[in-house]
Amino acid sequence: MNTSHTSDTDWGDLPGDDRSRAAEDEARVRLGFWQKLKGGAARVPFAGDAIAAYYAAFDRETPLRVRAALLGALAYFVLPIDTVPDFIPIVGFGDDAAVLFGALQLLANHIKPHHREAADEALRRARER
C-alpha cells in the first residue's frame with residue numbers, strides 16, 4: 001500500500017481540467033483514506049468496496065480515466081464535510097455510499113479479484129484495531 005502524499009501518476013494524458021482534478025483527488029485520497037477508515041469508516045457496510053476501489057485506483061494496470069473516476073469517488077468519501085455529515089448515525093455515510101456505489105457500478109469490471117483480496121485483508125486488519 002502506497003501511503004506517500006505525492007503523486008506517482010502521470011495524469012498528462014487527461015485534458016487540463018481533468019488532469020488537475022485527478023491530481024487533487026489523488027492527493028486528497030492519499031492523505032485521508034486510511035485515516036477515514038481508522039476513524040470508524042471500516043465498520044460501514046461498503047468499506048470493502050471502498051478499499052477495493054482504492055487498490056484499483058492506484059493500480060497502474062487500471063486505465064487512467066478509470067483511475068481518475070475512482071479517485072473522484074474516493075475523494076468524496078474522504079472529504080471531512082459533505083452533503084450529509086458522516087457523524088450523523090445511520091445516514092451519515094449514505095451519500096458517500098451512493099457516490100461510491102455509482103462509480104463502482106460503472107467501473108466494476110476494472111476492480112479485479114486481487115484488488116478485492118487485498119481489500120478483504122486490509123479490512124480485516126482495520127476491524128481488528
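Helices (H or I, at least four residues) and strands (E, at least two) are DSSP runs, numbered from the N terminus. The structure above is a predicted model, where local features need pLDDT of at least 70 and side-chain atom pairs count only at pLDDT 80 or more, while totals for chains, interfaces and linings use all residues. Residues are numbered from 1 along each chain as its sequence is written, and side-chain values use heavy atoms, with hydrogens and water left out.

Let's look at salt bridges.

**What counts**
- Side chains of opposite charge can pair when their charged atoms come close.
- A salt bridge here is a side-chain nitrogen of Lys or Arg within 4 Å of a carboxyl oxygen of Asp or Glu, and this rule gives 7 salt bridges.

**A pair in helix H1 (residues 16-38)**
- Asp-25 and Arg-28 sit 3 residues apart in this helix, about one turn, and their closest N and O atoms are 3.7 Å apart in a salt bridge.
- Asp-25 is buried (under 20% relative accessible area; exposed is over 50%, partly exposed in between, with a 1.4 Å probe and protein chains only), at 11%.
- Arg-28, at 35%, is partly exposed.

- Glu-121 and Arg-124 lie 3 residues apart in helix H5, about one turn, and form a salt bridge at 2.3 Å, N to O.
- Glu-121 also has a salt bridge with Arg-125, with the closest N and O atoms 3.5 Å apart; these two are 4 residues apart, again about one helical turn.
- Through shared partners, salt bridges join Glu-121, Arg-124, Arg-125 and Glu-128 into one network.
- Partly exposed residues here include Glu-121 at 34%, Arg-124 at 39% and Arg-125 at 29%.
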